[in-house]
Amino acid sequence: MTKDILRDAKLQVRRYWTEDGLPDLYIGLGFALYGLLSWWAAKDEAAWLPFVQAFFLPAWIGLSVLLLRRFKERFTYPRTGYVAYARPPRRETARRVLTATLFAVCLGLLVLWAVLGNPTPARERLFALFLPLVFAAVLGFVAAQQGSWRYGFYAAVAVLSGVAAVLRMDALSPVGRTAVLSGVPVLMSVGAVMLLGGLWVLLRYLRRHPRPEETP
Amino acid sequence: MSDFPDLDPIIHAPARLHIVALLSQLEEADFTYLLHATGLTRGNLSTHLSKLEQAAYVEIEKTYRGKRPLTLVRLTEAGRRAFEQYRQAMRAFLG
């Protein structure tokens with residue numbers, strides 16, 4: 001029983017961040033908007049589009065701290081309470097930064113290999129499958145950390161959309177192929193599913209936890 | 001039975017163990033969150049928090065957010081140490 005309480009408390013604290021569906025909505029909207037931008041970039045060769053694309057994701061991630069806190073202050077904290085998460089130790093932060101850097105370098109090398117090398121159809125397919133698998137790995141990790149079937153479902157959607165896009169690649173126009181290589185199918189499908197999932201969870205959360213009356 | 005560890009009675013009560021376990025993962029939490037997470041009644045939670053405060057395991061800060069009263073609870077250094085000792089004792093006992 002004691003062991004259960006300790007394990008459940010850890011899980012409970014981790015889950016609380018996504019209990020209201022707001023992170024799903026924010027991340028889903030970010031993916032969907034980035035997918036639209038990528039689709040636009042595949043169709044149109046406007047010189048400014050790559051710059052917008054390059055700045056969009058860092059800005060979206062940076063804004064998340066501010067916007068999610070605002071939304072949580074408005075919707076979540078008055079209903080089910082406020083928490084401040086403990087900061088990870090410095091060594092853990094350094095490990096995370098190192099992992100992210102290594103991952104970015106590997107991704108960059110893969111892009112160079114696929115784009116600048118000899119882009120055979122087999123290489124293109126492999127490359128098109130890589131991004132959905134990365135999405136699935138990250139979402140699957142969150143699912144395992146929080147014991148959340150919802151994030152597991154998002155991970156499954158990432159894999160399925162990637163596989164479906166790769167299977168249809170030969171039948172697509174050059175614009176469609178570029179869009180697949182830019183990850184448009186996985187961004188749009190995971191974004192849409194996260195938006196719907198987040199909205200469903202938020203509505204259920206608001207119904208279960210009505211806002212308490214203001215004290216005069 | 002002689003191997004049974006000498007457990008801290010303040011932490012060992014299930015409701016207080018739940019509260020301390022939650023707070024050990026956090027920098028701080030408010031009273032509303034602890035109500036939501038533990039499922040205790042207001043009175044029950046207040047009683048358990050008072051016991052933990054008397055043992056200097058938690059510190060309680062009463063403040064306001066806008067016009068709304070806000071009761072913040074955080075684990076003290078002594079509380080973290082006591083919780084870690086409790087965990088180690090339980091781990092050693094359960095194997």
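**Asking why: helix packing and burial**

Mentor: The crossing of α2(A) and α6(A) is right-handed. The model is predicted: local features need pLDDT of at least 70, side-chain atom pairs count only at pLDDT 80 or more, totals for chains, interfaces and linings use all residues, and side-chain values use heavy atoms, with hydrogens and water left out. Residues are numbered from 1 along each chain as its sequence is written, while chains are lettered from A and ligands numbered from 1 in the order in which they are written.

Trainee: At what angle do α2(A) and α6(A) pack?

Mentor: Helix α2 (residues 22-43) of chain A packs at about 15° to helix α6 (residues 149-167) of chain A, and their axes are 12 Å apart. α2(A) is therefore roughly parallel to α6(A). The classes are under 35 degrees for roughly parallel, over 145 for roughly antiparallel, 65 to 115 for roughly perpendicular, and oblique for the rest. Axes are lines fitted to C-alpha atoms, for helices over the stretch in contact, and angles run from 0 to 180 degrees between N-to-C directions.

Trainee: Which residues of α2(A) and α6(A) meet?

Mentor: Pro23(A), Asp24(A) and Ile27(A) in α2(A) meet Arg150(A), Tyr151(A) and Tyr154(A) in α6(A). By class, that gives four nonpolar, no polar and two charged residues. Nonpolar covers Ala, Val, Leu, Ile, Met, Phe, Trp, Tyr, Cys and Pro; charged covers Asp, Glu, Lys and Arg; the others, Gly among them, are polar. Contact means heavy atoms within 4.5 Å.

Trainee: How do α5(A) and α6(A) pack, and at what angle?

Mentor: Helix α5 (residues 121-146) of chain A and α6(A) pack at about 175°, with axes 7 Å apart. So α5(A) is roughly antiparallel to α6(A). The contact of α5(A) with α6(A) has 16 nonpolar, three polar and one charged residues.

Trainee: Glu124(A) is found in α5 of chain A. Is Glu124(A) buried or exposed?

Mentor: Buried, because its relative accessible area is 17%. Buried means under 20%, exposed over 50%, partly exposed in between (1.4 Å probe, protein chains only).

Trainee: On to chain B. How many helices and strands does chain B have?

Mentor: Five helices and three strands, in the order α-α-β-α-α-β-β-α. Helices (H or I, at least four residues) and strands (E, at least two) are DSSP runs, numbered from the N terminus. Of the 95 residues of chain B, 46% count as buried.

Trainee: Why is His48(B) called buried?

Mentor: Its relative accessibility is 14%, so His48(B) counts as buried. His48(B) lies in helix α4 (residues 42-54) of chain B. It touches Ala15(B), Arg16(B), Ile19(B) and Leu40(B), leaving aside residues up to four places away in sequence.

Trainee: What is the phi of Ala56(B)?

Mentor: About 65°, a positive value, although Ala56(B) is not a glycine. Most residues other than glycine have a negative phi. Ala56(B) sits in the loop between α4 and β2 (58-65) of chain B.

Terms used: Left-handed = near helix turned anticlockwise from the far one by under 90°.
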